[in-house]
Amino acid sequence: MTDTPIADNERRMRLRYAGVCHLCATPLAAGSEAIYEQGRRRVRCVSCVSGEVPATVPPPAPTPTSVPVPDREPTPPAREASDALRLRPPGSAVIAEMLREHAATPPRTGVARFFGASPLGVEARPWYMGALGELEIARVLDQVGPEWHAIHAVPVGTKGSDIDHVVIGPGGVFTINSKNHDGGKVWVAGKALLVNGQRTKHLRNAEHEADRAAKLLTLAVGAPVSVTPIVAVVGAKDITVRERPDRVIILRASQLARWLRRRPQTLDASQVAQLVDRASDLATWGNQPLPVADLSAFDKLRADVVSAHRRRLAWAVVGLAALFPAAYAFLAVLPGLVSAFITR
């Protein structure tokens, strides 16, 4: 059926998988109609859509033959701590660190801006590229479907480390390590992952994150939780897999959504709901402080980086255009110069 818009961030649709209404906990069978809240990536049954029944309308008076039934109150939303993590913007930790590094970068001079010098310093650039990678993976995850839930920038440990994305859905639980290797060549063989010929720790780190998530979620749920590690590569020119790693899944960003949707179902709707609730709770991960990222400052910086890049390209075109007439004139007189040289 065609999706029916409900609000700017909601749509009415048929569920591909079974789900649970987050307001009244009513099971929703696969194929049933529901409201998908795109901002929070959760579903609710049609009867729970806010605004369908005005709150000021009193309930009908019971008839002599009927038994009064109290109004069903919606289940309260997740705890504030859970909501803080559930709604955490992707790349928050990396953006916060990038802005901290960028604050120490001297501002560009007017001449540097005129010629398109990047506003990013050497220390801030890797963090900036990492943030772009996490934002791209989050964009892809938004396309997986309402049955899947992604929690971003999950803080773990005591040294400011985080898991880029924890993804939970009918196909299981996954930790995703985003890696932005723009224009790079990735080579994978067993336990080795090289980028442009340089060995990395991507596989080891991905396994460590999955093991840590499995341990913490198992403690929170009270039952064994299996977690699959994924390394999602953004922007690589080429990925060569000679031998697949034993545990870690290597995927391009463009492959991620389809790969997740094709996973066989291992969790039912109630298990998914329980895991999402626990994974959204900051206490599950150790109650570590959440670094606050100034997203407006990042957006402005990103616009400046793009503008500088375009200015450099424009200057390159101007340079080529200036060289072309000189090159043409040189080629025009080249035969005469060669002839004069030969006859001497």
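# Notebook: a walk through a predicted model

I began with contacts, meaning heavy atoms within 4.5 Å. Residues 24 or more positions apart make up 63% of the contacts in the protein with a separation of 6 or more.

Before going on, I noted that this is a predicted model, where local features need pLDDT of at least 70, side-chain atom pairs count only at pLDDT 80 or more, and totals for chains, interfaces and linings use all residues. I also noted that residues are numbered from 1 along each chain as its sequence is written, and that side-chain values use heavy atoms, with hydrogens and water left out.

**Entry 1: the overall count**

I looked up the secondary structure and got eight helices and 15 strands. Helices (H or I, at least four residues) and strands (E, at least two) are DSSP runs, numbered from the N terminus.

Next I checked burial. Buried means under 20% relative accessible area, exposed means over 50%, and partly exposed is in between (1.4 Å probe, protein chains only). Of the 344 residues, 40% count as buried.

The accessible surface comes to about 19900 Å², and 58% of that belongs to carbon and sulfur atoms. These areas come from the Shrake-Rupley method with a 1.4 Å probe, and for residues only the protein chains shown count as cover.

**Entry 2**

I found an open sheet of four strands in the order β12-β11-β10-β14, with mixed pairing. β12 and β14 stand at the edges with a single partner strand each, so one side of each has no neighbour in the sheet.

Then I went through the pairs:

- β10 (residues 185–189) and β14 (residues 238–243) run parallel and are joined by five bridges. Valine 188 has valine 241 in β14 as its bridge partner.
- β10 and β11 run antiparallel, with four bridges. Alanine 189 stands opposite alanine 192 in β11.
- β11 and β12 are antiparallel too, over two bridges. Valine 195 stands opposite glutamine 198 in β12.

What sits between β10 and β11? I found a hairpin with two residues between the strands, and glycine 190 in the turn has a positive phi of about 65 degrees.

**Entry 2: two asparagines with positive phi**

I looked at asparagine 196, in the loop between β11 (192–195) and β12 (198–199). Its phi is near 55 degrees, a positive value in a residue other than glycine. Asparagine 196 is exposed, with a relative accessible area of 53%.

Asparagine 287 lies in the loop between α7 and α8 (295–343). Phi of asparagine 287 is near 55 degrees, again positive in a residue other than glycine. At 52% relative accessibility, asparagine 287 counts as exposed.

Is threonine 175 buried or exposed? I found it buried, with a relative accessible area of 1%. Threonine 175 is in strand β9 (residues 172–180). Leaving aside neighbours within four places in sequence, its contacts include Ile163, His165, Ala206, Glu209, Ala213 and Thr228.

Threonine 228 is in strand β13 (residues 227–234) and counts as partly exposed, at 24% relative accessibility. Not counting residues up to four places away in sequence, threonine 228 touches Val173, Phe174, Thr175, Ala210, Arg247 and Ile249. The C-alpha atoms of threonine 228 and valine 173 are 6.4 Å apart, though the two residues are 55 residues apart along the chain.

**Entry 3: two crossing helices**

Two packed helices are described by the angle between their axes and the distance between the axes. I picked α5 (residues 202–221) and α7 (residues 269–279): their axes come within 10 Å and cross at roughly 110 degrees. Axes are lines fitted to C-alpha atoms, for helices over the stretch in contact, and angles run from 0 to 180 degrees between N-to-C directions.

Angles under 35 degrees count as roughly parallel, over 145 as roughly antiparallel, 65 to 115 as roughly perpendicular and the rest as oblique. α5 and α7 are therefore roughly perpendicular to each other.

Which residues of α5 and α7 meet? Leu217, Ala220 and Val221 in α5 meet Gln274, Leu275, Arg278 and Ala279 in α7. The residues of this contact divide into five nonpolar, one polar and one charged. Ala, Val, Leu, Ile, Met, Phe, Trp, Tyr, Cys and Pro count as nonpolar, Asp, Glu, Lys and Arg as charged, and the others, Gly among them, as polar.

Key
Two strands pair if DSSP finds at least two bridges between them.
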